[in-house]
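Subject: Structure handover

Hi,

Here is the structure I promised to pass on to you. Have a look at it first, and then read on for what turned up when I went through the cavities, the pocket and a few contacts.

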Amino acid sequence: MTDSRRFAEALDRARAHAPFLRLLANRRPEVLARLMESGIDSALQAAVEPGDTIAEVATALRRERQALALVVALGDLSGTLTLEQVVGRLSDFADRAVDRALTAIFRERGAPDVTGFTLLALGKHGSRELNYSSDIDPILLFDPDTLPRRRQEEPVEAAARIARQLVTMLQARDGDGYVFRVDLRLRPSPEATPPALPIGAAISYYESSALPWERAAFIRARAAAGDVALGGSFLAAIRPFVWRRGLGFGAVGEIREISRRIRGHHGGQAFGPGFDLKRGRGGIREVEFFTQIQQLIHGGRDPALRAPATLDALAALTVAGHVAADDAAMLGDAYRLFRTIEHRLQMVDDRQTHSLPTDPAALDSVAQLDGHGDGAALLDRLRPQVGAVGALYDCLDPASDAGVPRTADALETAAAAAGFADPAMIRGRIDGWRAGTPRALRTPAAQAALEAALPGLLAALGGASDPDAAFVRLDRMVSGLPTAIDFFRLVEARPALGRLVADILAVAPALADQLGRRPALLDGLIDASAFDPPPPVDRLAAELVAGESGEDYQRLLDRVRTRVNERRFALGTQIVAAAADPLVVANGYARVAEAAIAALAAAATTEYAKAHGHVPGGELLILALGRFGGGALTHASDLDLVYLFTGDHLAESDGARPIGATTYFNRLAQRVTAALSVPTPAGPLYDIDTRLRPSGAQGLLAVSTESFARYQRENAWTWEHMALTRARPVFGSAAARADLDATIAAVLRRPRDAATLIADAVRMRGEIAQHKPAAGPFDVKLLPGGLVDAEFSVHVLQLRHGVGLDPRLRVAMTVLGEAGLLNPEMAAAHALLSRMLVVMRLVSPDSTEPPPPARALIASACGQADWSALVAARDAAMRLIADEWARISGGGPVVEGPR
């Protein structure tokens, strides 16, 4: 049979079963005539049209693409062209089209040649295996030093404009269709990078940060258009990234994981109508991946195996003895068949599709386009090849019952069985982990640690009070880690720790955030002593600074910060684990803060003295107020501090650079504040509030004890004396602290006018309500009847009667109750709200109603049977406090005993 006859028969099938080819045949009769008369090569040569400007070239390329699509399709359908010839001609046209487009763009910009800008072809374009309706997936690179650009145009800006013009020329549609769809998402970090990348930045990325699938992608990369020499130099530079002599079998896991994810989405489908020839089990991708796994393993040592095209690579692997000849022949035959039918699917409507039609009539039509009688015959032709490829790939990657499943349906089933409400979300995030999307999971070692830990972690998270929220927080944490190996190994080795992590992630966002920044905090929970209360302050301070002698100040600060954060994290964990009363934890938080001040203030003083010496007869004192002064902090509490100093404020230090006492201690106070608050690599520590110092924010940061005493006696406002009721020295010598305590006691015990005291307190409480309203419906601190009202009640009574002057509110309440000045039930009401505050700061920092899973934790921590009981107890406590504040602020009589 002559070629013309073959073409005519192929054209009849095309007109009957491929609307796209029928349209082209009707629009381009001259192409058909040339094909029938002179053959394929002549018809394609005649289809090349002239053009120099961007508009002319764009039109010429679209018309050439029409002719190419028609001629190649008929050559394919007639059997005149082999698969290799079909994909070769399609790929050659892609190279030529890009090159012509770039040449026109550069000429329009005034450059005679394309220099400093290159297109790397990846995927099937790179291996010269483009299918009939392929996208092209290039990476565009430029050299900032050689790229021609206009005046006042930065290289990145110029390259981006060139890239956008190129994409528009190729994929914008008009009456003549389009040239190629262009997908630039294979470039590094496509969501954050310009369309064309500086070559130096690209090299750095592939040398340091690239993902496993990107290594596989570069097996088929080549410099296809533009400044080909520039592209070649880039590929040479990253060759060690792609082809590693010592790669070993770790590469199998990396590329196999890509295949597993695809199987997870497409491999579960039964072969038949709708089967995805590209992604389905036993399809095109598995032929390619089987080949690429062997190339990655052996190609680092044998350059002959680095052939980009699948069929060429199979041949080379067979010659080298890495793939059996029978297997290679089977894979090659299957690949040719699958690609041929893939082309038939795409000829119908010029769509980038790979799936067999589900509609019986459409499947029959595709079969008849290929010369089969009907769809059933086509399926019979494909079925044995699909089965053979799938079975061979299964041997390379045998199924395993161990671990968490990899297919989508099985993984979602496992997630649902574990207790997750949204198993599809869980599956998607685990797929992302397995894909190496977080940088912490981009190495084979990290992936191995993940898989080992995943079964236990999934079970632990599924058993958490809010499994889905816990998993989302874990995902966020893993995404922020530089490496996740140690984390996953730890939770694998300690299942109980994994369950605790799950609870932390589920109900305690404050701890989860802290853990996300420093997963090493988990190390401190391995020892059972982590659930003991902190030791006394002096011993704890010594533990914080214990380390190498002679180390520099910054390293000491970082070590103290690290240990303090470990202690604070462990204390919060005690609440989540229901291992301690929140009031005991609150006291522990305060002891840790006091030890941190003892350690860091002493270190700052020693360091400061190296330059300025000491002030004779003077020392720094630190006074704690507020919750810190009362010895009961929450996880989120800041520290209310007042800096004081003893001695003569006119004295001068005795160091190499002497300065006056006031300047000396104010600068030292700044140093201490920085040591306690400035973020470092070891993490943040405390927010420091010094506004309670004499004269507030306008006054000196540190004042002498003499000035402080005089100010409190002569100038302080009532609210300052109320604050002073919770004052407690936390740094300084024992003698200086005792003197300061005596000064404070004298101020607090002086006689007062009750009416003035109460009026000042009421006014101050009103200002707080106006300027600092409750943050939410569960703000037990600021709501009416909350902790602030309880504190105001106590402070007014303390100052009015000089009774119960202890900075610890529970002690003060007990004394005031015993004296008949305060309802004795106030202490219990205050304790309930204090427990709620401590727990809520961990689980619901915004004071909104906590989610249901956290409510049981809060109720239990507060000694209540359930959430309803806790809400009722809270309401009763707040009514009692509100009534007591109304009585005290109204000057009413003392109520003795419970009401």
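Predicted model: local features only at pLDDT ≥ 70, side-chain atom pairs only at ≥ 80, totals over all residues.

The residues that line the second largest cavity are Leu-623, Leu-625, Val-642, Leu-692, Phe-708, Gln-712, Trp-719, Glu-720, Ala-723 and Leu-724. At least two lining residues come from each of β7 (620–625), α31 (705–714) and α32. The largest share belongs to α32, which provides four residues.

In total, the count comes to four cavities of 30 Å³ or more. The largest cavity holds about 90 Å³ of space, and 13 residues line it. Nearest the centre of the largest cavity are Arg-65, Leu-90, Tyr-132, Val-179 and Phe-180. Helices α5 (54–77) and α6 (83–108) each contribute at least two residues to this lining, and α5 gives the most, with three. By class, the lining of the largest cavity has eight nonpolar, three polar and two charged residues.

Five helices, α29 (626–629), α32 (718–724), α34 (754–771), α35 (787–801) and α37 (826–843), each supply at least two residues of the pocket lining. Among the contributors, α34 gives the most, with six residues. The pocket lining comprises 18 nonpolar, seven polar and 15 charged residues.

Turning to the aromatic rings, the structure holds 16 aromatic pairs. One of them joins Phe-420 and Phe-471 in an edge-to-face arrangement, with 5.8 Å from centre to centre and 90° between the planes. Phe-420 sits in the loop between α19 (408–418) and α20 (423–434), while Phe-471 belongs to helix α22 (residues 467–479), so the pair ties together parts that are 51 residues apart in sequence.

The axes of helix α2 (residues 19–27) and helix α3 (residues 29–38) come within 5 Å and cross at roughly 90°. Angles of 65 to 115 degrees count as roughly perpendicular, and α2 and α3 are therefore roughly perpendicular to each other. On the α2 side the contact is made by Ala-25, Asn-26 and Arg-27, and on the α3 side by Pro-29, Glu-30 and Leu-32. The residues of this contact divide into three nonpolar, one polar and two charged.

That is what I have for now. Happy to talk any of it through with you.

Best wishes

Definitions and conventions
Residues numbered from 1 in each chain as written. Heavy atoms only, no water. Axes fitted to C-alpha atoms, helices over the stretch in contact; angles between N-to-C directions. Parallel < 35°, antiparallel > 145°, perpendicular 65-115°, else oblique. Contact = heavy atoms within 4.5 Å. Nonpolar A, V, L, I, M, F, W, Y, C, P; charged D, E, K, R; others polar. Phe/Tyr/Trp six-rings, centres within 6.5 Å; stacked < 30°, edge-to-face > 60°. 1 Å grid on protein atoms, 1.4 Å probe; cavity = no way out; pocket = protein on both sides within 12 Å on 5 of 7 lines; lining within 4 Å. Points joined across faces, edges and corners; volume = space filled by probe spheres on them.
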